[in-house]
Amino acid sequence: MERHPHLPDGSARRHEWRAEYRPDCREEPRIMRRSAGQHLEHGDYRPARWLPVMALCALVLAALVAFDVAAMEPLNDKALSAVRGGDGVSFDLSGFRMDGDARVTYTAQPGRSMYSEYLSASRSDSAQPFADPYRIDIVNGAPGLADVIRLDMPRNVDGAQKWQFAYDWGVSADGIDSYGGAVLLKDLVLYGGGWQFSTPRTRDGVAFGAAVRMDIGQLALRANGRNEAQGQMAMDGIRIGAVDNAGSFTGQPWVIADVAAQPGSIDAVAQNGGPRLHIGIAWPDAQYGSGQAPQGGIQIDKISFTNPGGGVTDFGSSRIGSVQIQYLDIKFRP
C-alpha cells in the first residue's frame, strides 16, 4: 500500500478504502481505492470462497490508515500555491579534521618569498550532526545588479561548533631562510554571518561581501614552534561583532562589506608599469543602503607574553568600542 506523505502545510490528501461483495456473483471482491469526490468503479470478481481472506485484508488496510485519517484534509488551491521547491546546497563539516605537510609559498620577487606550511584544522560539534549546516545559494541581487552567490555560516546558537587551527610560517630572502614560528587559533566559534560573491558593477574581478561574528578562545604566536609555549605572545577572549551606537555588542554579525550597499572587490589594476593585485572596499552607497558604514566592535580580554624563564607578563585587556570601514584600498606589489 502506498501512503501519501504530509505536505509542507501539514495537510495530506484524503483517500478512502472500500471492499464490496455481491452475493449474486461467484467471484471475490477486489479492494479498490478511490480519492475523495470520485466514484468507485467495479472490477473483476473472483470466487466467493475468498471472501474471508479479502475481509481480513480490508481490516488490515483500515488499521494501517485509520491512525492518519483524522489528520488528512484535501489540499486547497491556496495551500497548493504556497508549495515551493528549495534551491541551493547545504553541507556539514561535522568531525572535520585535516593535517598535512604541504607548503604554500608567495613569491614577491625572485629569491624573496613567504611561506606557510603544516596546516592542521579540526572541528568539534554538537550531538546532532547536520542540524545546523552551511548553506550555499544563488539569490537575486538588488534591483539592476547581478545575482549573488551566498555562503551562509551555521548560526551555532549554542556555540558547540568550535574550530582549532595551527600552521607554521617563515620568510626566505637574500639567501636566508628565517623560520617565523607557529600560529595557533584555539576554540574559534563562528555565529552566523557569511560571504557574498557577485559581478562588479564597473570593472573586472570579483565583488564580495562579508559579515562576521566570532569568538576566539586564544590566538597564540609561538616563535619557537607550536609545541613550545615559552616566548609566545597570546591574546585570550577575542570577540568580534556588530555594535550599537553606544558601543555595546548586539549579538549580530558585523557587516564588513556588502555586494550592494558597500561592495568589496578583488581584481588586478595596472600601476607603475605592471599589474597589481588589488583588494578594496568601496564607500557606502546610499542608493542600495543607508549610506553609513556598519559599526563593529573588537574586544580582547587578555594580552600576555610568556617569558623564557616561565613567568607571564600580563598587559591586561583591550577594547575598540566602535569601528567603521569607510573605504579600503590595498595594492600588492613586488
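Colleague: How much space lies in the largest pocket?

Modeller: This is a predicted model, and the figure is computed from its atoms. The lining of the largest pocket takes in 41 residues. The space in this pocket is about 620 Å³.

Colleague: Which residues of the lining lie nearest the centre of the largest pocket?

Modeller: Strands that each supply at least two residues of the lining include β15 (254-257) and β16 (264-271). Five residues of the lining lie nearest the pocket centre, and they are Asp258, Val259, Ala260, Pro263 and Gly264.

Colleague: How many residues of that lining are nonpolar, polar and charged?

Modeller: The lining draws at least two residues from each of several strands, among them β8 (148-152), β11 (194-198), β12 (206-212) and β21 (328-332). Gly counts as polar in this division. The lining residues then come to seven charged, 13 polar and 21 nonpolar.

Colleague: Which parts of the chain does the salt bridge between Arg123 and Asp92 tie together?

Modeller: The side chains of Arg123 and Asp92 come to 2.9 Å, N to O, in this salt bridge. The two residues are 31 apart in sequence, so the pair ties together strand β6 (residues 112-124), which holds Arg123, and the loop between β3 (89-91) and β4 (97-99), which holds Asp92.

Colleague: Are Arg123 and Asp92 buried or exposed?

Modeller: The cut-off for a buried residue is a relative accessible area under 20%. Arg123 and Asp92 each fall in that class, so the word for both is buried.

Colleague: How far apart are the closest N and O atoms of Arg150 and Asp152?

Modeller: Both residues are partly exposed, Arg150 with a relative accessible area of 31% and Asp152 with 24%. They form a salt bridge, and its closest N and O atoms are apart by 3.2 Å.

Colleague: Which residues do salt bridges that share partners join into one network?

Modeller: A search of the whole structure gives nine salt bridges. Some of these share partners, and the network they make joins Asp92, Arg123 and Asp125.

Colleague: Where is Asp174 found, given its positive phi?

Modeller: The phi of Asp174 is near 55 degrees, a positive value in a residue other than glycine. Asp174 has 61% relative accessibility, so it counts as exposed. Its place is the loop between β9 (162-173) and β10 (176-190).

Colleague: In which strand does Asp187 lie?

Modeller: Asp187 is not a glycine, yet its phi is positive at about 55 degrees. It is partly exposed, with a relative accessible area of 34%. Asp187 lies in strand β10.

Colleague: What share of the contacts between residues at least 6 apart in sequence joins residues at least 24 apart?

Modeller: The protein chain has two helices and 21 strands. Of its 334 residues, 29% are buried. Among the contacts you ask about, the share joining residues at least 24 apart is 61%.

Notes: Residues numbered from 1 in each chain as written. Predicted model: local features only at pLDDT ≥ 70, side-chain atom pairs only at ≥ 80, totals over all residues. Heavy atoms only, no water. 1 Å grid on protein atoms, 1.4 Å probe; cavity = no way out; pocket = protein on both sides within 12 Å on 5 of 7 lines; lining within 4 Å. Points joined across faces, edges and corners; volume = space filled by probe spheres on them. Helix = DSSP H or I, 4+ residues; strand = E, 2+ residues; numbered from the N terminus. Salt bridge = Lys/Arg side-chain N within 4 Å of Asp/Glu carboxyl O. Buried < 20%, exposed > 50% of the residue type's maximum accessible area, 1.4 Å probe, protein only. Contact = heavy atoms within 4.5 Å.
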